[in-house]
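Have a look at the structure first, then go through the points below.

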Amino acid sequence: MIRVINATKSFNGNKVLDNVSSDFEEGKTNLVIGRSGSGKTVLLKSIVGLLELDSGEIWYDNARFDTLDFRGRKLIRKGIGMLFQGSALFDSMTVEENVMFKLNMFTGMSHSEKRKRVDFCLDRVNIRNANKMLPSELSGGMRKRVAIARAIALNPRYLFCDEPNSGLDPKTAILIDNLIKDITEDYKMTTIVNTHDMNSVMEIGEKVVFIARGVKYWEGTNSEILKSDCKPLNDFIFASKLARQLKN
Amino acid sequence: MKLLASIGRYFILLGKIFKKPEKHSVYYRQTIKELIYLGVNSIGIVIIISVFMGAVITLQTAYNTENPIYPRYLIGLGCRDSIILEFSSTVVALILAGKVGSHIASEIGTMRVTEQIDALEIMGVNTASYLILPKIIATVIFHPLLTLMSITVGIFGGWLAGITTGVISSGDFIYGIQYAFIPYYITYSLIKTVVFAFIISSVAGYQGFFVSGGSLEVGRASTRSVVYSCILILLFNLILTQLLLS
Ligand SMILES: Nc1ncnc2c1ncn2[C@@H]1O[C@H](COP(=O)(O)OP(=O)(O)OP(=O)(O)O)[C@@H](O)[C@H]1O
Ligand SMILES: [Mg+2]
């Protein structure tokens, strides 16, 4: 479980996170939703320690993360897999080397074991026959999927995905959503996914946290979300004409 | 004030770079890669520049010593000493600061702005060390070899220019380059090269590592790395010369 307590963060006096608290449970896909610029990425980066909070606490199970030093964080980070909004693949390495990176760095696996693991991970995200390609030779959606494969290479305990299916076609998007849900359940991971895609919310949102302008307005499950009377949330969900018509 | 802060940040970064590597085999492989990128790929430019500079130095020395009181072999001697003492260490380092330094700064800077360094950080990798240490080691090992190559080819260029233009005979030139040879000059040149190589790779690594913003910033960082390392090279050239030759 990951627990965020009163997370607050400003950039140059501009409050981007304002007292956000929430629990993200193990074995569940936890979704953080909100409009563009609402602070989702900043929240996720604060949870993994790429940004430091101005105040507040971050807990990974029983360990308080935000006060740890590099060495303490390193122990927890070995169990973290993260998908960045822009994929962040290592562009000087091939697809295979990208996925293999953590295995090379942190395990004593033999080369054939590593190859097998890489193929398994790439297979899970439906990437085949691209092992020797460079990230620059892939489409945006393929890059995203390779990045997911890299994130899950070492069976993480905590998985963070920043907009895993933005830029993907609806079918692949659902595939990726379900993949994330499946591996979360299979390996009992604590997963946090940032998204603004309502399809993902309905598909895999076992727990949904809604933030707007850095404030948490609502949290609940995807079965409750359509019935909520939280005004900013409804503005977000029913932004499109189609959604409004469906509601009425 | 800002300068002091930068210097402080530079030394803190160095502290991180020289931590014990988490996995030797990975670092070893990186270093080999960098030896090729930063070292082997610079051989061509060093050779071309050295041949021409050796030739020009010889011709200039020849035209400035046309007075018959100077023995002709002085041309060879002058060519040898200018190349060993100054050209193959300092001038070559300035050129490598442009080639190697900008390469390092833009590579690491791009990794920073495309969040690749963040991705490494998340994995629990000591990013400063993983990215910069292999580059420092590769340049510190390979640049002295480049200097030796540059000395050899530079003197050869001088000889070639001398005999093809007829300003000096082959025998005089060879006598000159052997005359009153001080082997310590080579040591001095190599010591300088090692220091310059460290400056080039660490300053460029620093500039790349702390880029923030977008691709425009990467370009600026790469320019800054060249300017700062050139200034530092000239400064340390002065200091080392005073220390080693006085
Ligand atoms: N490094 C930074 N410096 C200054 N401001 C920042 C920085 N990072 C984010 N912000 C600001 O924080 C706010 C929230 O940004 P964030 O990236 O978290 O949005 P988001 O919810 O992830 O949006 P999107 O869905 O478009 O990715 C934005 O207004 C942004 O301008
Ligand atoms: Mg975002």
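**Cavities and a sheet**

Searching the whole structure turns up three cavities of 30 Å³ or more. A cavity here is a set of points on a 1 Å grid over the protein atoms alone where a 1.4 Å probe fits but cannot get out, and lining residues have an atom within 4 Å of a point. Grid points are joined across faces, edges and corners, and a volume is the space filled by probe spheres set on the points.

Bear in mind that this is a predicted model: local features need pLDDT of at least 70, side-chain atom pairs count only at pLDDT 80 or more, and totals for chains, interfaces and linings use all residues. Residues are numbered from 1 along each chain as its sequence is written, chains are lettered from A and ligands numbered from 1 in the order in which they are written, and side-chain values use heavy atoms, with hydrogens and water left out.

**Largest cavity**

- The largest cavity holds about 80 Å³ of space.
- Its lining is made up of Ile80(A), Gly81(A), Met82(A), Phe84(A), Lys102(A), Arg150(A), Ala151(A), Ala119(B), Ile122(B) and Met123(B).
- Two or more lining residues each come from β6 (80-83) and α5 (140-152) of chain A and from α5 (116-122) of chain B; helices (H or I, at least four residues) and strands (E, at least two) are DSSP runs, numbered from the N terminus.
- By class, the lining of the largest cavity splits into seven nonpolar, one polar and two charged residues (Ala, Val, Leu, Ile, Met, Phe, Trp, Tyr, Cys and Pro count as nonpolar, Asp, Glu, Lys and Arg as charged, and the others, Gly among them, as polar).

**Second largest cavity**

- This one has a volume of about 50 Å³.
- Among the residues lining the second largest cavity are Ser88(B), His143(B), Thr147(B), Phe196(B) and Ile200(B).
- α4 (73-113), α6 (127-165) and α8 (184-209) of chain B each give at least two residues to that lining, and α4(B) has the largest share with five.
- Six nonpolar and five polar residues make up the lining of the second largest cavity, with no charged ones.

**Sheet in chain A**

- β6(A) turns up again in an open, six-stranded sheet with mixed pairing, ordered β6-β7-β8-β3-β9-β10; two strands pair if DSSP finds at least two bridges between them.
- At the edges sit β6 and β10 (215-220) of chain A, each pairing on one side only.
- β7 (residues 158-162) and β8 (residues 190-195) of chain A run parallel, joined by five bridges.
- Within β8(A), Asn194(A) is the residue opposite Asp162(A).

Technical notes: 1 Å grid on protein atoms, 1.4 Å probe; cavity = no way out; pocket = protein on both sides within 12 Å on 5 of 7 lines; lining within 4 Å.
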